[in-house]
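Hi,

Here's the structure I promised to pass on. Have a look at it first, and then read on for what turned up.

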Amino acid sequence: MLTLTEVEALARAAHEGQTDKAGRPYAEHLRAVAEGVRERGGDADQIAAAWLHDAVEDDALSAAWLDEAELSDRTKDIVRAVTKRAGEPPEAYAERILATPGALLVKEADLAHNADPARLAALDAPTRTRLTGKYAHMRALLGLTGSRDTS
């Protein structure tokens, strides 16, 4: 099995050169999500999935790679659950996350970082408004209501 250090290095290499919507290195988002999972009491499988949560969705790594990777089945299941599929309604995406043990915590940490006011402030107003609504809708679908610290 890959260690968390190896998973982190692999994720950083897979997303090398990618940036987020604000132009920041994408690895900063991965680190924030992994740290958010750790802070929320996540285990090693969930932390590994946090590092890899966008890898297949962003074509940084293939689904075939994930199938063969030296990762626990649980980590693979979480990554698959949080990987959005083209044309998939948000409701179906949320149902898959809720049905997969361990996936909700990873998605919660992802949404928390995506909705961080400091991160959103770097975006233009229309994008910020659109994403704020999108993230709030997903939080509602996942039952993540209430005011949570998003730092």
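At roughly what angle do the axes of helix α2 and helix α7 cross? Before the answer, one caution: this is a predicted model.

The crossing is at roughly 130 degrees, and the axes of α2 (residues 26-39) and α7 (residues 103-114) come within 8 Å. As for handedness, α2 passes α7 in a right-handed crossing.

Who makes the contact? On the α2 side you'll find E28, H29, A32, V33, G36 and V37, and they meet L105, V106, A109, D110, H113 and N114 of α7. Sorted by type, the residues of this contact come out as six nonpolar, four polar and two charged.

H29 deserves a click of its own. This residue sits in helix α2, and its relative accessibility is 2%, so H29 counts as buried. Leaving aside residues up to four places away in sequence, H29 touches H53, D54, D110, H113, N114 and R119. With R119 there is also a polar contact between the side chains, at 3.5 Å.

Then there's A122, in the loop between α8 (117-120) and α9 (125-141). Buried or exposed? A122 has 53% relative accessibility, and the cut-off for exposed is over 50%, so A122 counts as exposed.

Cheers

Key
Residues numbered from 1 in each chain as written. Predicted model: local features only at pLDDT ≥ 70, side-chain atom pairs only at ≥ 80, totals over all residues. Heavy atoms only, no water. Axes fitted to C-alpha atoms, helices over the stretch in contact; angles between N-to-C directions. Helix = DSSP H or I, 4+ residues; strand = E, 2+ residues; numbered from the N terminus. Left-handed = near helix turned anticlockwise from the far one by under 90°. Contact = heavy atoms within 4.5 Å. Nonpolar A, V, L, I, M, F, W, Y, C, P; charged D, E, K, R; others polar. Buried < 20%, exposed > 50% of the residue type's maximum accessible area, 1.4 Å probe, protein only. Polar contact = N/O pair within 3.5 Å; in protein donor to acceptor, adjacent residues only side chain to side chain.
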